[in-house]
Amino acid sequence: MLLINCPHCGPRAEIEFRCGGEAHIARPTDPSALDDTAWAQFLFYRSSPKGEHAERWNHTHGCQRWFNAVRDTVSDRIITTYKSGEPRPDITTNTTGER
Amino acid sequence: MTRSYRLPNGGRIDRSKPIIVHFNGRPLPAFEGDTAASALIANGIHFVGRSFKYHRPRGILSHGSDEPNALLDVDRGRDRRDPNNRATVVEAFDGLSLSSQNHWPSLGLDVGEINNVLGSVFVAGFYYKTFMWPPTFWTKVYEPIIRRAAGLGEVPKKPDPDRYTQRHAHCETLVVGAGPAGLAAALAASENPKSRVILCDEQSEPGGTLLHDMTSQIDGVSAQQWLTKAMAELNARPNVTILSRTTAFGYFNHNHIALAERITDHLRQPHADLPRERLWQVRAGRVILATGSHERPLVFANNDRPGIMLAESLRCFINRYAAVPGRQVVIATSGASAYAAALDLKSAGLDVTIVDLRREADCGLEFKAAIHAGIEVLPAHTVIGTKGRTRVSGLIVAKLDDNGHPGAPRVLACDCVGMSGGWTPAVHLHSQSRGKLTFDTLLDAFIPGHSAQNETSVGSCRGIYDLAACIADGAQAGGSQLTVAATNSFVGFQAVRSMPAPTDQGSVKAFIDFQNDVTAKDVKLAVREGFESIEHVKRYTTTGMATDQGKTSNMNTLGLVADELGKQIPQIGTTTFRLPYTPVSFGSFAGANRGDLFDPTRITPMHDWAARHGATFEDVGLWKRAWYYPTGDEDMNAAVDRETRAVRTNVGLFDASTLGKIEVSGPDAAEFMNRIYTNAWAKLEPGRCRYGLMLKEDGYIMDDGVAARLTPNLFHVTTTTGGAPRVLAHMEDYLQTEWPDLKVFLTSITEQWAVIALQGRHARDILAPLISDIDLTEQAFPHMAVRTGHISDVPCRLFRVSFTGELGYEINVPADYGEAIWNMIYDGGQRFGITPYGTEAMHVLRAEKGFIIVGQETDGTVTPDDLGLGGLVGKAKRDFVGKRSLGRPDVVAAGRKQLVGLRTANPALVLDEGAQIVTDPNQPIPMKMIGHVTSSYMSGNVGRSIALAMVTDGRRRINERLHVTTPAGFTEATVVEPIFFDPEGVRLHA
């Protein structure tokens, strides 16, 4: 079980959280201006990288707030978490043993 | 047999506490401190079970949790019976009852032993080869017979009477294993009093191998004294938690380790408050693994005879339990450590001979020690067979010539054999933590390599076998430079896959995996048949499976496969180490989550009233909802028929408290509503309600419900019963992440308000005497209006809404007043014939009106237009969640399924919900299915059955005859508008 550092509550066990998929996909401000392809891109297409992946997480059984996490999809290590709305931090992956 | 198999002195058993245990009904004297295995051995018993496949007599192989053979059915009394217990880890207490398994009619006389003779039938993969034809024979004949003949113990018939608990814990350091390395690590790691240390160990007491080491000296004291001192030190430190009888069985992400603590199994009369087991979930800053190593059996013909054990286990039974495994013992070994066992057996006064595969020149200081003790040692000897059936009576050995070929066989008479083929580090937890393994050729073993988490392996689980080195290794990992002086351990062994044998011993069985009855020949056969991946060999031969997970067998299998393929072990790799390390009871995983506590139950404020009035309840999510209220000997159909008619002719009372309720408040509440729902809210006046549809971003309906604007900045939103948490989460998601600029609060108020639906033409007459501050007249309080006021002095939010098509109100009162107000309405309604109705009647009534239920008519791929609700989509609105998707090509394309009604040709026939619909029942199979029935009921008010369905291009098919599947074949139904009662809706305004 992952140990996830909620930016509002601190480190908590994974069972308190729900993952909401890829982060930093902003809803278009004027969806009607998008053609079908562009809208489908927003709606359905997600990256699935091997390695660092920014994800939305919700502290469902805690503060119920959304935040973002950068997780390494290979090691399952959560590299950092940050508040919703903040830019994705620039990280140099630390490949040593994890906490 | 009168001679005692208990040494007169020594051991860690409590001789002041004699006990009796029973084996197959026979009373056996033992002592507290014994295990089931040591009690059996101390009574001269080795033959304790029959093997899985061949029903061969089997004995006790080991002394620990790696035991593959001695699986017993254990009856602890008090309705506690449990199969497949390893005799080596079951602690004895007075009255404990043990039984052998997998035989009929008795252990000594077992007809299943015929399988041993039919061995050629049961080779590797026999399941796939033997029982192929005729195909129908598998489920009816072959499988039942095999299932009965093969297998282990019998499952208990009664529910588990015990209680299990779970606990979370955090620590700076978790040490797994309390042998010499683990103790040293725990001592060092806990020197800082602020550093929390948890030390867990699977045995009944800490100490590991020190518990049966009578000869080693550590820093001038005996191993036992060193252990006592170390434990005193650890016990005195408040920052140390010591958990005995506790197995670390799973290693998960981020140093999350699961421990199974066994609390009462060793007690005759445990205190009633104690749980049987406790599941610990530990989150550790770092983990030190000191899990030890497993001794390898030697692979030779008939190496499974009772009385043949692991050499270190002999040492353990003699020293720790003072139990005598045999009087005339042969130690067969390819390594040094078995000499320690030989010396201890000799010291105990037993007759010992050593047969060593190694040449004398390849032996170390152990050789001279044995000679010095007067033990006969036969170096450069192999074992080629055994004598005896239910107990070994002789070991057949042969001297190897210079080319390694065995010479003339010679029988060494014996009643016990201790074998040792070297050691395998227990790297299970390291591997589970996703740490890498590397193969060490000198050690002939996989040892921990790169760590993926903050964990370290110490001692023999990383191939360090010398006692002093183990202690130093543990101490260093714990953060200390402590070193000790200790007696040199006998270390080193020659790797051997199967013992050299004279010629092709075609028909012999040399077992690799005792638990699964897998022989060396089976593994070789699998390789010959083309299985090269070790994972495939494992599955084909079943080696390494079942309760012991191959702890004693895996390395021998790997080595044999490598030899057969002409490869090195690292090229073969190893099978995956999976949790649990040893079997864990399901009870500890379930913990308190059983019976009533399996799931939370939600009940409404009026639940008790409904129960008193005979309601039958149905589960809706976690809720218990009144389903129908049978009177007299009514069945469900009769009750529902009466309830639905009463609502349409008089008046009905319904508990709608389970509706999800959310308050949307704040200056931007209306704007928020506009963006979340398809319809327009900005111009909705306070005091009015509106039915709203909510879409997901993909344009499909997510939820629906009535929302009321109480004040300009306050909406009272209702959701479906099951949808409440989902809708709130959906709203929060958009509010927090897409529109954080909106000044809106979302508050769940589902539990705060009880909701009483009063439906029918007398509804207003019943309410009037109870309400003084709300004008109930049609003009002042029309349909789809909302008022706040008081009902019998209780604050209420009164909705004029209807899910039945009748004049109706939904009365929201604070939950604590729910039952009282319900009672008042019920009492006041008596003269109007008020009838409580349940969810089934509610469903029928709404279906008569063609009102949809999200999740019944919809399935996550339905748009508002599919339901004929396109009018609820605010086309003038610039945007709302899902709007853009309503213009997606596949959503606007023709040929979508649309909501329609169905009238069956036979009015008495109620279609099955989910039944498929076709145009032509005579078309060839596979038929083209054009839709399905979503709702179907018998309607007393309409006087016939009614159904709703989603049908391709349904609205263009009105009056078309279609065909619907039933269990008895197709039936005809006509497509109609999805409304069956009062299509003009005049009754709403009664």
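Modeller: I start with B:A342, which touches B:I331, B:V352, B:I354, B:A370 and B:I375, leaving aside residues up to four places away in sequence. Touching, or contact, means that two C-beta atoms, placed from the backbone, lie within 7 Å. The model is predicted: local features need pLDDT of at least 70 and side-chain atom pairs count only at pLDDT 80 or more, while totals for chains, interfaces and linings use all residues. Residues are numbered from 1 along each chain as its sequence is written, with chains lettered from A and ligands numbered from 1 in the order in which they are written.

B:A342 belongs to the largest nonpolar core, of 160 residues, and is among those with the most contacts inside it, as are B:A36, B:V175, B:A185, B:A186, B:L199 and B:I331. Such a core is a set of buried Ala, Val, Leu, Ile, Met, Phe, Trp, Tyr and Cys residues joined through C-beta atoms within 7 Å. Buried means 20 or more other C-beta atoms within 10 Å of a residue's own; 12 or fewer is exposed, and in between is partly exposed. Helix α5 (residues 180-189) of chain B gives this core its largest share, eight residues. Helices (H or I, at least four residues) and strands (E, at least two) are DSSP runs, numbered from the N terminus.

Apart from this core lies another, of 100 residues, including B:A669, B:L684, B:F851 and B:L962. B:A669 is one of the buried residues of helix α19 of chain B. In α19 (residues 669-676), seven of eight residues are buried, and their cover includes β34, β35, β36, β37 and α20 of chain B.

Further along chain B, six strands close into an antiparallel barrel in the order β44-β47-β46-β45-β48-β49. Two strands pair if DSSP finds at least two bridges between them. Strand β44 (residues 897-904) and strand β47 (residues 944-952) of chain B are joined by six bridges, and B:G901 has B:L948 as its bridge partner in β47(B). Helix α23 (residues 839-848) of chain B lies across β46 and β47, at about 110° to β46(B). Axes are lines fitted to C-alpha atoms, for helices over the stretch in contact, and angles run from 0 to 180 degrees between N-to-C directions.
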